[in-house]
There are 2 protein chains.
Amino acid sequence: MTQSPESDSRTDTLRQSIRAAGLRVTVPRVAVLEALQDNPHSSAEKVTDKVRPVLKGTSSQAVYGILAALTGAGLVRRFDPAGSPALFECRVGDNHHHLVCIRCGAIKDVDCVIGAAPCLTPSDASGFAVFAAEVTFNGLCRECQDFSTPEHID
Amino acid sequence: MTQSPESDSRTDTLRQSIRAAGLRVTVPRVAVLEALQDNPHSSAEKVTDKVRPVLKGTSSQAVYGILAALTGAGLVRRFDPAGSPALFECRVGDNHHHLVCIRCGAIKDVDCVIGAAPCLTPSDASGFAVFAAEVTFNGLCRECQDFSTPEHID
DNA sequence: CTCCTTATTTTGAGTCATTCAAAACAAGAC
DNA sequence: GTCTTGTTTTGAATGACTCAAAATAAGGAG
């Protein structure tokens, strides 16, 4: 027989990274990580929606807790666009930035031109010890420039 | 007799700028703007607290409405630090950035090194029309580096 | 494999920031 | 001064997230 879906290579890799981060490997945690890999820039609610079909009784509180644990462990990155719930993504450690469409909310990653975090240094840090620079570009995505109605919004 | 406090020069300037922005000049609007000049980086709640002693029956809903109107008119700038309520400031149009202490929440303005908005250009805008780059530097303020207890927090 | 300890998730309720809607009110053009 | 329309008040509701206690499951010990 073929391997069960539970032991495919992506799942295994995920389980290993959770373990390596010092966290217990649980079914909901793996499911959240997979949902996040398939849907970058998801809100806690969206993650819950993606995970529910797979894992029936998953509460949204659990998802919040899992997301907080994974973020704390450095497996997930969180960012808070203005006027939107917090969004999460698996792409971590590369100090990339975000392009946000102020009309439809679409998000695109942009590589950091400069390099490692903090990719920028403030002109006058006023005694602050700066760890990271969060850069968010606000604009209109191509669809929102072209069309008057945001039909492309999911 | 001397001039009444209501007609001092700051108030007059404020009234004029509100008018110039196409908005009606009202007592609460002027009070919010003054509170914001005296307390940059204030949340809606803090503004309400500052305005209340002067203007007894000001509702927090009114403050939200006023802040939204002033922000829309370009007289006030709003920004949303992660994990904090939205903050407002009068310093507009100069594309400055913010230094945020991740421990005590202290905020400092930093002048933009580059220049006019958007002060940065993403490496690959992917079709987005970028208007502005929001830059937030996360770090620890001097007090939070020096002391183990954040006694300086107001 | 089974038990045990402790981390994690569920369940249920609560909080904070913010928004909505309708009625009362006030700015400022005439 | 009056009238029109933009503002604020009043009262209620929503969304995003957090807290706490009880139930459950991960994974090391035996």
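This talk goes through a predicted model, from its cavities to its annotated cysteines, strands and selected residues.

Residues are numbered from 1 along each chain as its sequence is written, chains are lettered from A and ligands numbered from 1 in the order in which they are written, and side-chain values use heavy atoms, with hydrogens and water left out. Because the model is predicted, local features need pLDDT of at least 70 and side-chain atom pairs count only at pLDDT 80 or more, while totals for chains, interfaces and linings use all residues.

How many cavities of 30 Å³ or more does the structure hold? There are 2 of them. A cavity here is a set of points, on a 1 Å grid over the protein atoms alone, where a 1.4 Å probe fits but cannot get out; lining residues have an atom within 4 Å of a point. Grid points are joined across faces, edges and corners, and the volume is the space filled by probe spheres set on the points.

The largest cavity contains about 80 Å³ of space. Its lining comprises 14 residues, and those closest to its centre are Leu120(A), His97(B), Cys112(B), Val113(B) and Phe137(B). By class, this lining divides into 10 nonpolar, 3 polar and 1 charged. For these classes, Ala, Val, Leu, Ile, Met, Phe, Trp, Tyr, Cys and Pro count as nonpolar, Asp, Glu, Lys and Arg as charged, and the others, Gly among them, as polar.

The second largest cavity has a volume of about 30 Å³. Which residues line the second largest cavity? They are Arg77(B), Phe79(B), His98(B), Glu134(B), Val135(B) and Thr136(B). Strand E2 (77–79) and strand E6 (129–140) of chain B each supply at least two residues of this lining, and E6(B) gives the most, with 3 residues. Strands (E, at least two residues) and helices (H or I, at least four) are DSSP runs, numbered from the N terminus. The classes in this second lining are 2 nonpolar, 2 polar and 2 charged.

Next, the annotated cysteines of chain A. An unreviewed UniProt entry places the feature "binding site" at Cys101(A), Cys104(A), Cys141(A) and Cys144(A). These residues are spread over 44 residues of sequence, yet they cluster in space, with a largest C-alpha distance of 8.0 Å. UniProt positions are given in the numbering used here, feature names are shortened, and annotations may be inferred rather than shown by experiment.

Cys104(A) sits in the loop between strand E4 (97–101) and strand E5 (107–110) of chain A. Is Cys104(A) buried or exposed? Cys104(A) is buried, because its relative accessible area is 17%; buried means under 20%, exposed over 50%, and partly exposed in between, with a 1.4 Å probe and protein chains only. Cys141(A) occupies the loop between strand E6 (129–140) and helix H5 (142–146) of chain A, and its relative accessible area of 2% makes Cys141(A) buried as well.

E4(A) and E5(A) run antiparallel and are joined by 4 bridges; two strands pair if DSSP finds at least two bridges between them. Leu99(A) stands opposite Lys108(A) in E5(A). The two strands form a hairpin with 5 residues between them, and Gly105(A) in the turn has a positive phi of about 85 degrees.

A positive phi also occurs at Asn95(A), about 55 degrees, although this residue is not a glycine. Asn95(A) lies in the loop between strand E3 (87–89) and E4 of chain A, and it counts as buried because its relative accessibility is 11%. In chain B, Asn95(B) has a positive phi of about 55 degrees and is likewise not a glycine. Asn95(B) is found in the loop between E3 and strand E4 (97–101) of chain B, and it is buried, at 13% relative accessible area.

I remain with chain B for its open sheet. Here 3 strands lie in the order E1-E3-E2, with antiparallel pairing. The edge strands, each pairing on one side only, are strand E1 (42–43) and E2 of chain B. E1(B) is joined to strand E3 (residues 87–89) by 2 bridges, and Ser42(B) stands opposite Phe88(B) in E3(B).

Ser17(B) counts as partly exposed because its relative accessibility is 26%.

Terms used: On a 1 Å grid over the protein atoms alone, a cavity is a set of points where a 1.4 Å probe fits but cannot get out, and a pocket is an open set with protein on both sides within 12 Å along at least five of seven lines; lining residues have an atom within 4 Å of a point.
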